[in-house]
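User: I'd like to learn how to read the contacts in a protein model. Could you take me through them one feature at a time?

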Amino acid sequence: ESNKKHPFPCPTTYRTALTHYLDITHPPRTNVLYELAQYASDPKDQENMRKMASSSPEGKALYQSWVLDSCRNILAILEDMPSLKPPIDHLCELLPRLQARYYSIASSSKVHPNSIHICAVVVEYETKTGRVNKGVATNWLKNKLVNGHKSTVPMYIRKSQFRLPFKASNPVIMIGPGTGIAPFMGFIQERGWLKQQGA
């Protein structure tokens, strides 16, 4: 019945959709709350959800404090509103698609021609409601089992203009442009490798 295109390959299981294709970790947008309000059997819960989805100052303040400031994702909202019981298929239709995570490459292709290294902070924090929220990609990577061989990760590479000067003798001052130290780790590796080559 949905007029949206399938956000993930079908047929599939709910577990696969919720694990690999739908974003269940970010606080839901107000339009999602508005749509889900109809499934709350408690009139007070229904009223609060519709209020949070409204453009009234009171509704915006409630959404800000109860959802955003408390870092409530859809799971936390379902736990904290026991009367809210949406059908899983409608929930899957409303949730946004899980987006790719972007990391700067922290290795030189000259030093490591067959692998890519990244440098990332594992996201994990406690919310005001006492829940522990974890970063999707960083925790997945952290928990990746190596099993005695090189572990693989689904990824793609985007071209970047952020690179060392062509002439290896040019001095470089490295100032973080918002990417953190990751690309500079690769630059330092590459300059070390070039030095070994006598360049």
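Analyst: Let's start with Glu-190, which is buried because its relative accessible area is 16%. Buried means under 20% relative accessible area, exposed means over 50%, and partly exposed is in between (1.4 Å probe, protein chains only). A word on the ground rules: this is a predicted model, where local features need pLDDT of at least 70 and side-chain atom pairs count only at pLDDT 80 or more, while totals for chains, interfaces and linings use all residues. Residues are numbered from 1 along each chain as its sequence is written, and side-chain values use heavy atoms, with hydrogens and water left out.

User: Which side chain does Glu-190 meet in a salt bridge?

Analyst: Here's the general idea: side chains of opposite charge can pair when their charged atoms come close. The cut-off for a salt bridge is a side-chain nitrogen of Lys or Arg within 4 Å of a carboxyl oxygen of Asp or Glu. Glu-190 meets Lys-110 this way, at 3.3 Å from N to O. The two come from distant parts of the chain, 80 residues apart: Lys-110 is in the loop between helix H6 (88–94) and strand E1 (124–126), and Glu-190 is in helix H8. Helices (H or I, at least four residues) and strands (E, at least two) are DSSP runs, numbered from the N terminus. Lys-110 is partly exposed, at 40% relative accessibility.

User: How many salt bridges does the structure hold?

Analyst: Six. Another one joins Glu-124 and Lys-142, whose closest N and O atoms are 3.8 Å apart. Glu-124 is in strand E1 and Lys-142 in helix H7, so this pair ties together parts 18 residues apart in sequence. Both ends are partly exposed, Glu-124 at 42% and Lys-142 at 46%. There's also a network: Arg-72, Glu-79, Asp-80 and Arg-131 are joined by salt bridges that share partners. Within it, Arg-72 and Asp-80 meet at 2.7 Å, N to O. Arg-72 is buried at 9% relative accessibility, whereas Asp-80 is partly exposed at 31%.

User: What about aromatic pairs? How many are there?

Analyst: Rings of Phe, Tyr and Trp (its six-membered ring) pair if their centres lie within 6.5 Å; planes under 30 degrees apart count as stacked, over 60 as edge-to-face and the rest as tilted. The structure holds four such pairs. In one of them, Tyr-102 and Tyr-156 have ring centres 6.4 Å apart and planes at 90°, so they are edge-to-face. Tyr-102 sits in the loop between H6 and E1 and Tyr-156 in the loop between H7 and H8, 54 residues apart. Phe-162 and Phe-184 are also edge-to-face, because their planes are at 65°, with centres 5.8 Å apart. Phe-162 is partly exposed at 37%, while Phe-184 is buried at 10%. Together with Phe-187, these two form one aromatic cluster.

User: Which residue lies over the face of Tyr-102?

Analyst: That's Arg-158, at 4.0 Å from the ring centre. A charge sits over a ring if NZ of Lys or CZ of Arg is within 6 Å of the ring centre and within 35 degrees of the ring normal. Elsewhere, the charged end of Arg-50 sits over the ring of Tyr-34, 5.8 Å from its centre.
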